[in-house]
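Trainee: I would like to go through the terms used for this model and see what each one rests on. Where do we start?

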Amino acid sequence: MYKRVPGTKDILPDEVIRWQRIEEAARGIFSLYNYHEIRTPIIEEASLFNRTLGDTAEIVQKQMFLIHNREDLYALRPEGTASIARSYLENSLDKTNAFVKLYYMGPMFRLERPQKGRLRQFHHIGCEAIGSQDAALDIEVISLAIHLLESFSINDYQLKINSLGCPSDKQRLSSDLKQGLQKEKGNLCPDCQTRIENNVLRILDCKNDSCRRIVERLELKNSHLCRECLSHFQEVIDGLGSLDIPLKIEQQLVRGLDYYNRTVFEFTHPQLGSQDAIGAGGRYNNLVSELGGPDTAGIGFAFGVERLLLASKATGDQKEKKLVYLITMGDAAKKTGIKLLNRMRSSGIPCETDYLNKSLKAAMRSANDAGARFVLILGEDELKKNKVSLKDMSNSEQREIGIEELTKELEC
Ligand code: HAM
């Protein structure tokens with residue numbers, strides 16, 4: 001028997017209800033903030049991600065699902081931001097509107113070692129606001145993320161925030177770190193020893209204990225930030241404070257992707273163990289120009305849906321369903337039943353019937369299992385009278401009703 005590919009999941013009907021709840025809530029909240037949905041392909045040219053996330057990013061180096069097709073090299077998208085920046089330029093969205101707000105939901109792919117909360121196919125709910133570097137937008141985007149978390153009944157999250165500054169600030173931070181870490185090189189893990197040369201910022205989010213201890217001793221103090229970037233960061237922090245949003249400034253937070261600058265942030269959840277990031281984001285003021293477009297600032301975030309579900313207390317309780325279950329007895333009743341089902345569904349009444357030709361008793365059990373609110377019984381007697389027996393499953397009351405009046409009765 002075939003099994004699913006490791007690191008992927010089947011989302012079965014019972015669980016899908018929780019996904020739909022989250023997606024529905026997200027759509028409602030995105031629309032409150034005037035975001036519009038965008039859907040991009042799940043395959044892209046692989047070089048899009050090398051160019052934007054950076055050749056030294058872990059995702060690019062180790063985690064891309066690559067598809068070789070003659071001379072072309074494609075990748076299953078590992079994240080959404082690069083694709084959206086590509087789409088923004090390719091479809092000239094900048095020409096129709098100087099400022100756009102987009103949201104997205106869908107699968108992402110990373111070739112990681114699967115474990116709890118870490119999959120090879122996982123799902124993002126995210127957004128990107130492209131066209132402004134106003135600190136007020138950073139504040140709005142972060143408060144939108146919190147609004148989403150609250151709507152998913154997730155309250156025990158922690159918000160960590162930092163500023164990487166502009167490209168020259170990032171350069172300054174890298175050189176300071178290189179200098180500070182050189183004398184500790186022998187105590188860093190083998191990966192971080194090479195990172196000192198090719199991507200020193202990544203050492204700050206290395207999970208190795210020894211590397212962590214060294215990083216903690218560094219006492220970073222945002223000294224790499226220029227005046228404009230410091231004041232932008234202060235404005236963001238003050239704005240979030242004015243909204244009573246609790247946060248922790250975490251100087252080690254750098255995020256592993258090249259496109260980030262200025263504000264970066266992450267939401268963690270204490271109950272998720274080692275994979276505790278439920279979502280993350282930040283500014284990318286040079287991403288669009290890096291792809292050949294005009295200078296255009298942007299900011300966004302993405303939540304990992306599987307981790308949201310692990311953290312969410314909300315259950316998938318079914319909404320009160322008004323399912324109508326039709327049981328027919330005999331061939332003539334079955335034929336009339338087909339028409340009856342069609343009429344009810346056209347009037348927007350959800351209904352189901354017994355396709356296994358069960359006995360009345362067994363069919364009643366199926367109706368109960370399906371969560372039916374009403375059962376309709378159509379046998380030869382009822383058919384002769386052009387009526388149907390209607391049983392209300394909430395109180396077991398049963399009465400006969402004319403077939404012609406049925407849809408009207410059930411609609412109310
Ligand atoms: P990211 O931090 O790589 O950011 O991913 C965002 C979230 O996706 C993570 O916080 C985590 O919840 C979830 N996630 C990541 N990898 C996995 C995995 N293997 N299994 C399950 N969940 C996972 C980005 O992707 C950026 N594009 C976010 C962004 C949007 N920045 C600006 N705009």
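Mentor: With buried area, which is the accessible area, for a 1.4 Å probe, that two parts lose on being put together, summed over both. The model is predicted. Its chain is divided into domain 1 (13–156 + 272–311), domain 2 (167–217) and domain 3 (324–411).

Trainee: What is the area buried between domain 1 and domain 2?

Mentor: About 380 Å² is buried between domain 1 and domain 2, and carbon and sulfur atoms give 35% of that area. On the side of domain 1, Thr56, Glu58 and Asn286 supply 76% of what is buried against domain 2, more than any other three residues.

Trainee: How many residues of domain 1 and domain 2 are in contact?

Mentor: Four residues of domain 1 touch six residues of domain 2. The centres of domain 1 and domain 2, taken over C-alpha atoms, are 27 Å apart.

Trainee: How many salt bridges does the rule find across the interface of domain 1 and domain 2?

Mentor: Three salt bridges are found there. The count of residue pairs in polar contact between domain 1 and domain 2, both at pLDDT 80 or more, is three. By class, the side of domain 1 that touches domain 2 has two polar and two charged residues and no nonpolar ones.

Trainee: Why is the pair of Asp191 and Lys62 called a salt bridge?

Mentor: The rule asks for a side-chain nitrogen of Lys or Arg within 4 Å of a carboxyl oxygen of Asp or Glu. For Asp191 and Lys62 the closest N and O atoms are 3.7 Å apart, so the pair meets the cut-off.

Trainee: What makes Glu44 and Arg86 both a salt bridge and a polar contact?

Mentor: The N to O distance in the salt bridge of Glu44 and Arg86 is 2.8 Å, and the limit is 4 Å. A polar contact of 2.8 Å also joins their side chains, where the limit is 3.5 Å. Glu44 lies in strand β2 and Arg86 in helix α4, so the pair ties together parts that are 42 residues apart in sequence.

Trainee: Why is Glu44 called buried?

Mentor: Its relative accessible area is 7%, and buried means under 20%. Therefore Glu44 counts as buried. Leaving aside neighbours within four places in sequence, the contacts of Glu44 include Phe49, Leu73, Tyr74 and Ser83. Glu44 and Ser83 are 39 residues apart in sequence, with their C-alpha atoms 7.4 Å apart.

Trainee: How do you know that Ser87 is buried?

Mentor: Ser87 has 6% relative accessibility, and therefore counts as buried against the cut-off of 20%. Ser87 is placed in helix α4 (residues 81–90). Beyond its neighbours within four places in sequence, Ser87 is in contact with Ile38, Thr40 and Leu93.

Trainee: Why are Arg51 and Glu290 called partly exposed?

Mentor: Arg51 is at 48% relative accessibility and Glu290 at 37%. Partly exposed covers what lies between buried, under 20%, and exposed, over 50%, so both residues fall in that class. The side chains of Arg51 and Glu290 meet in a salt bridge of 3.2 Å, N to O. This pair links distant parts of the chain, with Arg51 in helix α2 (residues 46–53) and Glu290 in helix α11 (residues 287–290), 239 residues apart.

Note on methods:
Residues numbered from 1 in each chain as written. Predicted model: local features only at pLDDT ≥ 70, side-chain atom pairs only at ≥ 80, totals over all residues. Heavy atoms only, no water. Helix = DSSP H or I, 4+ residues; strand = E, 2+ residues; numbered from the N terminus. Buried < 20%, exposed > 50% of the residue type's maximum accessible area, 1.4 Å probe, protein only. Contact = heavy atoms within 4.5 Å. Domains from an automatic or database assignment. Polar contact = N/O pair within 3.5 Å; in protein donor to acceptor, adjacent residues only side chain to side chain. Nonpolar A, V, L, I, M, F, W, Y, C, P; charged D, E, K, R; others polar.
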